[in-house]
Amino acid sequence: MIQPALPLPSELEVQTAHLQTLANGVRLYTLPTDDFEVLRITFVFRAGSTAQQVPFSASATANLLAEGSQRLTAHEIAERLDYYGSWFDVNLDRDHAYISFATLSKFYRQTLEVAEEILLRPIFPEEELLTYCTKRQQRLKIERQRVEVKAREAFARALFGPSHPYGTSFDEKLYDTLTREQIEAFYRTRYTAENCFVVCSGRIGDDERRAIAAIAEALPHGTAAAPQFPTPTIRHEERIAHPGAVQSALRVGRLLFDRRHPDFVGMQVVAAVLGGYFGSRLMRNLREIHGYTYGVVAAMVNFEQAGYLAIATQVGAEATNQALAEIYAEIERLRTELMPDEELALVKRIMAGEMLRILDGPFGIADVTIENILCNEDNTVVSKNLRHIEALTPSDIQQLAQRYLAHEDLVTVVVGAL
């Protein structure tokens with residue numbers, strides 16, 4: 001039986017967000033649909049770890065927003081959200097904090113009342129701060145006993161340098177010195193109108209839009225100065241001993257560019273070929289042929305002011321050098337041999353399918369919209385990227401690998417029993 005051809009979609013019509021600029025300058029993007037009786041509101045603040053002057057103050061501020069307000073205790077906030085089946089979530093990366101609320105449409109007013117308390121009137125109670133710092137310090141101490149966590153932090157330092165905001169990591173003991181005043185100061189300077197935009201998706205009518213806008217317009221004014229970063233200082237190899245480890249954590253990659261670069265999408269395809277799906281080259285080599293690992297992944301990582309390629313895996317300690325040699329060999333094979341048309345077609349189908357999966361539903365569309373806004377794009381870029389992927393040839397992939405993956409440019413980090 002011959003399997004029928006699986007054509008790639010040539011276009012993905014992604015809903016365009018409606019933009020309203022509020023009186024205080026906050027941009028409010030809405031993605032209305034009547035297909036789902038839900039509503040999600042995400043407030044995006046330029047309040048990631050790169051904006052902090054005090055270690056751990058960015059993550060502490062975001063995670064303590066809901067631990068008490070001028071009108072509600074932490075227990076009352078949690079109880080009200082739970083009663084209405086609403087969902088509150090905090091995510092933080094190097095550049096931004098994402099504060100999200102999701103609710104059934106019929107309970108949007110009650111949920112927004114709690115959101116207003118969390119966003120506009122947090123008090124960061126001293127006892128909640130102490131509990132938070134104690135737990136986070138202990139968790140970080142335990143996590144840093146794992147080789148993969150050590151490798152992740154070491155890889156960031158190797159790519160950017162230990163003093164660069166994208167490369168730095170802090171001693172967990174600094175949680176002991178974090179104060180409520182420092183968190184309040186971070187909140188006052190970063191959770192402002194100039195540092196915020198809002199994306200809403202789901203069932204949004206005029207009443208919902210006005211209620212959301214009222215909260216966003218109440219954000220105070222502040223400054224919007226983007227952080228100035230030093231030039232990265234790259235260290236091409238780092239081996240860190242972890243006595244007694246039965247596995248080694250490996251990271252191989254290099255500093256490249258952010259998502260706005262014309263070769264970013266092409267390098268996403270290169271990463272997918274190497275380790276972006278279960279049947280990828282590195283997965284077949286390291287897992288199926290040699291049995292060195294259970295899994296390996298390769299991906300392009302995008303920050304606001306930088307981007308990089310990373311390959312990550314864990315292997316038996318005794319196979320560390322052999323696994324590294326195979327990773328280098330697969331990279332070199334991609335640079336010296338044209339990949340088969342059939343393999344590239346499979347990768348394209350997988351990437352297109354992943355796009356369709358992410359865009360299935362209003363919340364996924366909102367997530368893509370946020371990412372596009374952060375890259376100064378609108379949602380038409382999705383089809384543009386899909387066309388770019390479809391147009392790539394085996395020769396294009398080889399040229400990208402030759403241009404960006406020379407062995408002398410790679411950064412390698414190993415953490416394990418050396």
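Predicted model: local features only at pLDDT ≥ 70, side-chain atom pairs only at ≥ 80, totals over all residues.
Me: Which order do the strands of the open sheet take?

Reply: The six strands run in the order β1-β2-β6-β3-β5-β4, and their pairing is mixed. From one strand to the next, the twist averages 15 degrees.

Me: Why is one side of β1 and of β4 left without a neighbour in the sheet?

Reply: β1 (18–21) and β4 (87–92) stand at the edges and have a single partner strand each, so one side of each lacks a neighbour in the sheet. For β1, look at β2 (residues 27–32): the two strands run antiparallel and are joined by four bridges. L19 has Y29 in β2 as its bridge partner.

Me: How many aromatic pairs are there in the whole structure?

Reply: A search finds 19. Take F43 and F101, whose rings are 6.4 Å apart centre to centre, with 85 degrees between the planes. Planes over 60 degrees apart count as edge-to-face, and this pair is edge-to-face. F43 lies in strand β3 (residues 38–45) and F101 in strand β5 (residues 97–104), 58 residues apart, so the pair links distant parts of the chain.

Me: Are F43 and F101 buried or exposed?

Reply: Buried means under 20% relative accessible area. F43 is at 1%, so F43 counts as buried. F101, at 0%, is buried too.

Me: What is the geometry of the F160 and F303 pair?

Reply: That pair is tilted, with 6.4 Å between centres and 35 degrees between planes. F160 sits in helix α5 (residues 147–160), and F303 is in the loop between β9 (296–302) and β10 (307–316), 143 residues apart. Both F160 and F303 are buried.

Me: How many salt bridges does the count come to?

Reply: Side chains of opposite charge can pair when their charged atoms come close. Here the count is 22. In helix α7 (residues 206–217), R209 and D206 are three residues apart, and therefore about one helical turn separates them. The closest N and O atoms of this salt bridge are 3.1 Å apart. D207 and R210 also lie in helix α7, three residues apart, and their side chains meet at 2.5 Å, N to O.

Methods
Residues numbered from 1 in each chain as written. Heavy atoms only, no water. Pairing = 2+ DSSP bridges. Axes fitted to C-alpha atoms, helices over the stretch in contact; angles between N-to-C directions. Phe/Tyr/Trp six-rings, centres within 6.5 Å; stacked < 30°, edge-to-face > 60°. Buried < 20%, exposed > 50% of the residue type's maximum accessible area, 1.4 Å probe, protein only. Salt bridge = Lys/Arg side-chain N within 4 Å of Asp/Glu carboxyl O.
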